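Trainee: I have a new structure to study. Could you show me how to read its features one by one?

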Amino acid sequence: SSLASKSNFPLLHHRNHPKFNRPAPIVISCSSSSTFDPPSTTSSSNNNTPSPQKNRRLADENIRDEARRHRSTAKNTLSAKYVPFNAGPDCTESYSLDEIVYRSRSGGLLDVQHDMEALKKFDGAYWRELFDSRVGKTTWPYGSGVWSKKEWVLPEIDPDDIVSAFEGNSNLFWAERFGKQFLGMNDLWVKHCGISHTGSFKDLGMTVLVSQVNRLRKLKRPVVGVGCASTGDTSAALSAYCAAAGIPSIVFLPANKISIAQLVQPIANGAFVLSIDTDFDGCMKLIREVTAELPIYLANSLNSLRLEGQKTAAIEILQQFDWEVPDWVIVPGGNLGNIYAFYKGFKMCQELGLVDRIPRLVCAQAANANPLYLYFKSEWNEFKAVKANTTFASAIQIGDPVSIDRAVYALKNSNGIVEEATEEELMDAMAQADSTGMFICPHTGVALTALMKLRKSGVIGAGDRTVVVSTAHGLKFTQSKVDYHSKEIPDMACQFANPPMQVKADFGSVMDVLMKYLGDKAPKH
């Protein structure tokens, strides 16, 4: 059937979508709810009188109220449910998203399965145009890069239950100088997921999880709070979104193993923080035991809801390339949910006709916490958890990843690769990237190292359009940068360090130093 005949579809109704309003109104770019008539060509008796405004919010309503007023009353026909991960077509086990369940009956992972047949009633062009129409708007909840894809995330949730900071819509940075200078590439991009509400990609998943918890609490489900084990970024996202919704958050952190910037975020947002004398894997074991006994909702990536938000970063990359598919996407990997989330986002776009292929995926691990890399090098023969050693890429310092099966599935189905980075390699890559105008985290240094190795071996070509996913903001890891540029890291050359020059407070000394620095560029007298 034609697109026009589908315009009564309830959840897709959007009063500023071009399919539903022709001719489209002139829209103020800062808000999709503010429209004006075209300027009049006739003279006015008072040139200082503004044109009458139409469709503005009422004086006593907020953006939630406005969205409620414009909401369609038609029945929603889209749905999603939990199913065992990678279950065969004959599997009948499934659970409502309103159930509190984290594992299948056999103890395996769960996945959120969407009603693809219902989604396929609308072709790829329809979805592309719908998603594009919501970018950069303040219409609730579509101003979020996650909830602008609501139909593919949590199609049945009431917008009133959504907890959002308008996360997502992050910068896709053309790494022009870094690509040219260090890799001989002219189509290298960095997806800055760390330019977000709490400074990491974890916001994308946490808005979905906390929104569903908000819904569960309104349904009187037994949830007194939300808990997580964290290497830093998860706890920051959880505590912020729970604080926004007024939901208690409980955080298990490994003592003395995360940055001060990461530690202070959950504290500032009012979380109940337990600093535990173990590593992340130990914290994860404890939180799973606790949530089995107490009505605390588990927020770690064992919970598949978060991956529904994280997959929207993949869709967003395609949008930012005007729905052209990059050749490679490189993702740092720790607990390994994110590499599967990217795969899932790309695969949904392919299955629903938005694109005709998916990119090859690369998962990049720190050599000090590299169980997936070792599994890949064994040609997937045998997985063995490892004892994760200390790494500057602390958020991926995980030796027994929960989502190992998800990651392997994603890599096998995308003709993917796994690479690793030593501590010196990742810190050097971070310094090199920073020297070209970025300010990246050590985890992005891991991903850039993987790119350098694959570029050097010829696996990735000079003309391949490549996206490196930056998972957190560099401002969370300033101490590692200070240590590097101070050359205070034991057994590391820090070859790209750029320490400040100590100079006496007199004109002659300053001029001598500057003339030496400028060299041939200095003016001759």
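Mentor: Start with surface patches. A nonpolar patch joins nonpolar side chains within 5 Å, taking residues with over 30% relative accessible area and no salt bridge. Keep in mind that this is a predicted model.

Trainee: Which residues form a nonpolar patch on the surface here?

Mentor: The patch consists of Met-501, Val-503, Phe-507, Val-510, Met-511, Leu-514, Met-515, Tyr-517 and Leu-518. Together they have about 910 Å² of accessible area. Take Met-511 as an example. Helix α17, residues 507-518, contains Met-511.

Trainee: Next, charges. What is the general idea?

Mentor: Side chains of opposite charge can pair when their charged atoms come close.

Trainee: How many salt bridges does a search of the whole structure find?

Mentor: The search finds 21. One of them joins the side chains of Asp-160 and Arg-68, at 3.0 Å from N to O. This pair links distant parts of the chain, 92 residues apart. Asp-160 sits in the loop between α3 (124-134) and β6 (172-174), while Arg-68 is in helix α1, residues 63-69.

Trainee: How exposed are Asp-160 and Arg-68?

Mentor: Asp-160 has 21% relative accessibility, so it counts as partly exposed. Arg-68 has 37% and also counts as partly exposed.

Trainee: What does Asp-158 form a salt bridge with?

Mentor: Its partner is Arg-71, and the closest N and O atoms are 3.2 Å apart. Again, distant parts of the chain are linked, here 87 residues apart. Asp-158 belongs to the loop between α3 and β6, and Arg-71 to the loop between α1 and β4 (80-84). Asp-158 is partly exposed at 30%. Arg-71 is partly exposed at 28%.

Trainee: Which residues are linked in a network of salt bridges?

Mentor: The network links Asp-65, Arg-68, Arg-71, Asp-158 and Asp-160.

Trainee: And Glu-308 with Lys-311: are they buried or exposed?

Mentor: Both are buried. Their salt bridge has its closest N and O atoms 2.6 Å apart.

Trainee: Now the backbone. Where is a peptide bond cis?

Mentor: Look at the bond from Trp-140 to Pro-141, where omega is near -5 degrees. Pro-141 is in the loop between α3 and β6.

Trainee: Which residue has a positive phi of about 60 degrees although it is not a glycine?

Mentor: That is Asp-491. You will find Asp-491 in the loop between α16 (478-485) and α17. Cys-494 has a positive phi too, near 50 degrees, and is also not a glycine. Cys-494 lies in the loop between α16 and α17 as well.

Trainee: Are these two buried or exposed?

Mentor: Asp-491 has 83% relative accessibility, so it counts as exposed. Cys-494 has 0%, so it counts as buried.

Trainee: Which strands pair with β8 in the parallel sense?

Mentor: One is β11, residues 296-298, with 3 bridges. There, Val-226 stands opposite Tyr-297. Another is β9, residues 249-254, with 4 bridges. There, Gly-227 stands opposite Ile-250. From β8 the chain crosses through helix α6, residues 233-245, to β9 in a right-handed β-α-β crossover.

Trainee: What order does the open sheet of 6 strands have?

Mentor: The order is β6-β7-β15-β12-β13-β14, and the pairing is mixed. The edge strands are β6 and β14 (417-421), since each is listed as pairing on one side only. From one strand to the next, the twist averages 25 degrees.

Trainee: How do β7 and β15 pair?

Mentor: Strand β7 (residues 188-192) and strand β15 (residues 466-470) pair in the parallel sense over 5 bridges. His-192 has Ser-470 in β15 as its bridge partner.

Note on methods:
Residues numbered from 1 in each chain as written. Predicted model: local features only at pLDDT ≥ 70, side-chain atom pairs only at ≥ 80, totals over all residues. Heavy atoms only, no water. Patch = residues over 30% accessible without salt bridge, like charges linked within 9 Å, V, L, I, M, F, W, Y side chains within 5 Å. Areas by Shrake-Rupley, 256 points an atom, 1.4 Å probe, with all protein chains shown as cover. Salt bridge = Lys/Arg side-chain N within 4 Å of Asp/Glu carboxyl O. Helix = DSSP H or I, 4+ residues; strand = E, 2+ residues; numbered from the N terminus. Buried < 20%, exposed > 50% of the residue type's maximum accessible area, 1.4 Å probe, protein only. Pairing = 2+ DSSP bridges. Right-handed = clockwise from strand over helix to strand, strands pointing away. Axes fitted to C-alpha atoms, helices over the stretch in contact; angles between N-to-C directions.
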